[in-house]
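Welcome! Please have a look at the sequence and the 3D structure below, and then let us walk through some of the contacts together.

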Amino acid sequence: MGISDVSASLFQATAAASVQAKPATAKSGAKDGTGPVASTNDKVDLSDLASALKGDALDLFKNLSADDRTSLGKLVSSGALSADELNDALSSALKSERKKAFWQSAKEDTEAGRTPDGAARQQSMKAISDRMESELESRRAAMYAPGVSPQDRFAALSTLSEDLKDMQNFWDQLVGIGMPMKAYTLKGGDERFFATSKEQAAGQKLKDLGFHSGTFDKVLSSQSKDFAQKYLSEEGTTQMTLGNANK
């Protein structure tokens, strides 16, 4: 090997060592909406995609895993979905999940407030209903039996009415008629829970593109449940009265 060959080999070795020793530079904002997973510069507010998102959709996007942000970012960068459509799709997903979370929270709240004798009360209510039905059927049959005079029929009808009224009052007490109760309500026009047709269309488009992620679903569920419980405690319940308290 000549001097020139030795020099060339040394130059190649030195260049290779220089490349290996050079630390990788992290990109601060990829066009697909996320930076590298391992980068400390993975800031969604520095990406073009995140700058197009807003409100609750942006908050959801920020809390997604890097893989989910990358997947959504690629849909936008490829042109399959616009940034505005992604914003609407995320909003639609949130609103749909919030409705489910609200009614589930309302159910849990109701069950937690039940008294230990709830099952016995339900059985008593059913027994009274069955008795009222039976009494009405049998005594009406007796009233209209052959040979019963109109006067006797009228007297029997008056007695039946009073007896049924007593049973009805007892049934009302068991069910809570006339007593204030907690009602769970969602206002139909509340945009925090009800997606617009535009948002629904964007949500369907995201599904049609095949996006599905278990980690996305978990974040969506967690945020929606927190929101629903806060809403429930602050404005999701009202007091109502069943029936007429002064009948």
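This is a predicted model: local features need pLDDT of at least 70, side-chain atom pairs count only at pLDDT 80 or more; totals for chains, interfaces and linings use all residues.

Residues are numbered from 1 along each chain as its sequence is written, and side-chain values use heavy atoms, with hydrogens and water left out.

**Salt bridges**

A salt bridge here is a side-chain nitrogen of Lys or Arg within 4 Å of a carboxyl oxygen of Asp or Glu. By this rule there are 11 salt bridges. The table shows some examples.

| Salt bridge | Closest N and O atoms |
|---|---|
| E97 and K100 | 3.3 Å |
| R139 and D163 | 2.8 Å |
| E234 and K230 | 3.1 Å |

Helices are DSSP runs of H or I with at least four residues, and they are numbered from the N terminus. Let us begin with the pair in helix α5, which covers residues 83–112. E97 and K100 sit three residues apart there, so about one helical turn separates them. To describe their surroundings, we use relative accessible area: buried means under 20%, exposed means over 50%, and partly exposed lies in between (1.4 Å probe, protein chains only). E97 is buried, at 18%, whereas K100 is exposed, at 53%.

The last pair in the table belongs to helix α9 (residues 214–234). Because E234 and K230 are four residues apart in this helix, they are separated by about one helical turn. E234 is exposed, with 52% relative accessibility. Elsewhere, salt bridges that share partners link E135, R139 and D163 into one network.

**A buried methionine**

Helix α7 also holds M167. Is M167 buried or exposed? At 9% relative accessibility, M167 counts as buried. Leaving aside residues up to four places away in sequence, M167 touches I128, R131, M132 and E135, where contact means heavy atoms within 4.5 Å. For M167 and I128, the C-alpha to C-alpha distance is 6.7 Å, although the two are 39 residues apart in sequence.

Methods: Helices (H or I, at least four residues) and strands (E, at least two) are DSSP runs, numbered from the N terminus.
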